[in-house]
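Hi there,

I am passing on the model I mentioned, with my notes below it. Please have a look at it first and then read on.

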Amino acid sequence: MRWDNLAEDPGTGGDSALFGTSAVTTRTFDTPEFRGITFHEVRARSILNRVPGASRMPFEWTVNPYRGCTHACVYCFARRTHSYLDLDTGLGFDSQIVVKVNAPELLRRQLASRRWQGAHVAMGTNVDCYQRAEGRYRLMPGILQALRDHANPFSVLTKGTLILRDLDLLRQAADVTEVGISVSVGFTDPELWRTVEPGTPSPERRLGVVRALTDAGIGCGVLMAPVIPFLGDRPEQLRATVRAIAAAGATSVTPLVLHLRPGAREWFMSWLRAHHPHLVERYERMYAEGAYAPKWYQRRITRQVHELAAEYGIGPASPRSRRALPEPAAQEAPVTLEPTQLTLL
């Protein structure tokens, strides 16, 4: 496993590695929820990541306390990131989880830097920060406290119900800065969920999170992602999903069609051959030009979802405003960056 190769600049040598081999502790836990999962505990040297300049996302920085994800979504675009560690992007991504155990303290130090300008920080755009591992390692409370204490705007995207554990912290942060919460629910079909998102809470439970956040006074949008061609895109399926999202009290719904980047593409197509072999040729044609479905298809899905959202009284997500950071503390802590990461879009 090439921990030392995860450097900010591969040409600068070991001192710039995000963590070294000597800093890694590997653990397994003999409990039902973690059986078959290996955790690699590391002390990261950086926790604020700059997203690629060409990204279409409305933020420049992310925080990712974990690598790999027990949600085991067969389409997850982040699978390729495991190859950077010489880990398997299939089952290895689902069961070999890297845990940055010092993420909260490191983030607090970096937010205190004079170089940090209080930009919006997004979480959950690579792997889910509220996956099962968070129940044991409890990294998010410290991360949220650091963001709250620095009045730093942030957002969280999750499929995890564990976010409700941190409801009080989210409310406290929302009192001092801009906080955006989104839950990912691409479909409500139970059979589709069981096969493509086997490690996640059910869509019904995720929509329960939306309702709980809304009832607590925290607006919550839904990223309707992914809309899976030929499996979750029938008009009646889209209607059922948008209707359920509206009933949960979501402030917005934003559709996103399945995209298949390298790493995810191979794993998803292997799953498709096993479960829906009759669709393989259709997918090969649809994604022949690259990772994204054709523009005409994306526009059609977006139009249908937005029309349904308007019918049920909700709309697409609007860009979040950013809030300036208060005057930083006098003591400076260096802000170092992780390598450019894959982003949601």
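Contact here means heavy atoms within 4.5 Å. Helices (H or I, at least four residues) and strands (E, at least two) are DSSP runs, numbered from the N terminus.

Before going further, note that this is a predicted model, in which local features need pLDDT of at least 70 and side-chain atom pairs count only at pLDDT 80 or more, while totals for chains, interfaces and linings use all residues. Residues are numbered from 1 along each chain as its sequence is written, and side-chain values use heavy atoms, with hydrogens and water left out.

Back to α7. This helix (residues 203–215) has 13 residues and spans 18 Å from its first C-alpha to its last, close to the expected 18 Å; the expected span is 1.5 Å times one less than the number of residues. Its buried residues are Pro203, Arg206, Leu207, Val209, Val210 and Leu213. Viewed down the axis of α7, they fall within an arc of 140°, so they line one face of the helix. That arc is taken from the directions from the helix axis to the C-beta atoms. Glu204 and Asp215, on the other side of α7, are exposed. Buried means under 20% relative accessible area, exposed over 50%, and partly exposed in between (1.4 Å probe, protein chains only). After α7 comes glycine 217, with a positive phi near 90°.

What does the buried side of α5 look like? Leu167, Leu169, Leu170 and Ala173 are its buried residues. Down the axis of α5 they fall within an arc of 160°, so they line one face of the helix. Their cover includes α4 (140–149), β8 (154–158), β9 and α7.

Next, the sheet. It is an open one of 4 strands in the order β1-β2-β6-β5, with mixed pairing. The edge strands, β1 (25–28) and β5 (66–67), each pair on one side only. Strands β2 (residues 38–42) and β6 (residues 96–100) pair in the parallel sense over 5 bridges, where two strands pair if DSSP finds at least two bridges between them. Glutamate 41 stands opposite valine 99 in β6.

How many disulfides are there? The structure holds 0, a disulfide being a pair of cysteine sulfur atoms within 2.5 Å. Cysteine 69 is in none, and the nearest cysteine sulfur, that of cysteine 76, is 6.4 Å away. Cysteine 73 has its closest cysteine sulfur in cysteine 76 as well, at 6.3 Å, too far for a bond. Cysteine 69 counts as buried at 5% relative accessibility, and cysteine 73 is buried too, with a relative accessible area of 6%.

Serine 113 sits between α2 (103–111) and β7 (121–123) and is buried, at 0% relative accessibility. The side chain of serine 113 reaches the backbone nitrogen of arginine 115 at 3.0 Å. This is a polar contact: a pair of N or O atoms within 3.5 Å; within protein, one must be able to donate a hydrogen and the other to accept it, and residues adjacent in sequence count only if both atoms are side-chain atoms.

Finally, the overall picture. The protein has 11 helices and 11 strands, and 56% of its 345 residues count as buried. Among contacts between residues at least 6 apart in sequence, 78% join residues at least 24 apart.

Best wishes
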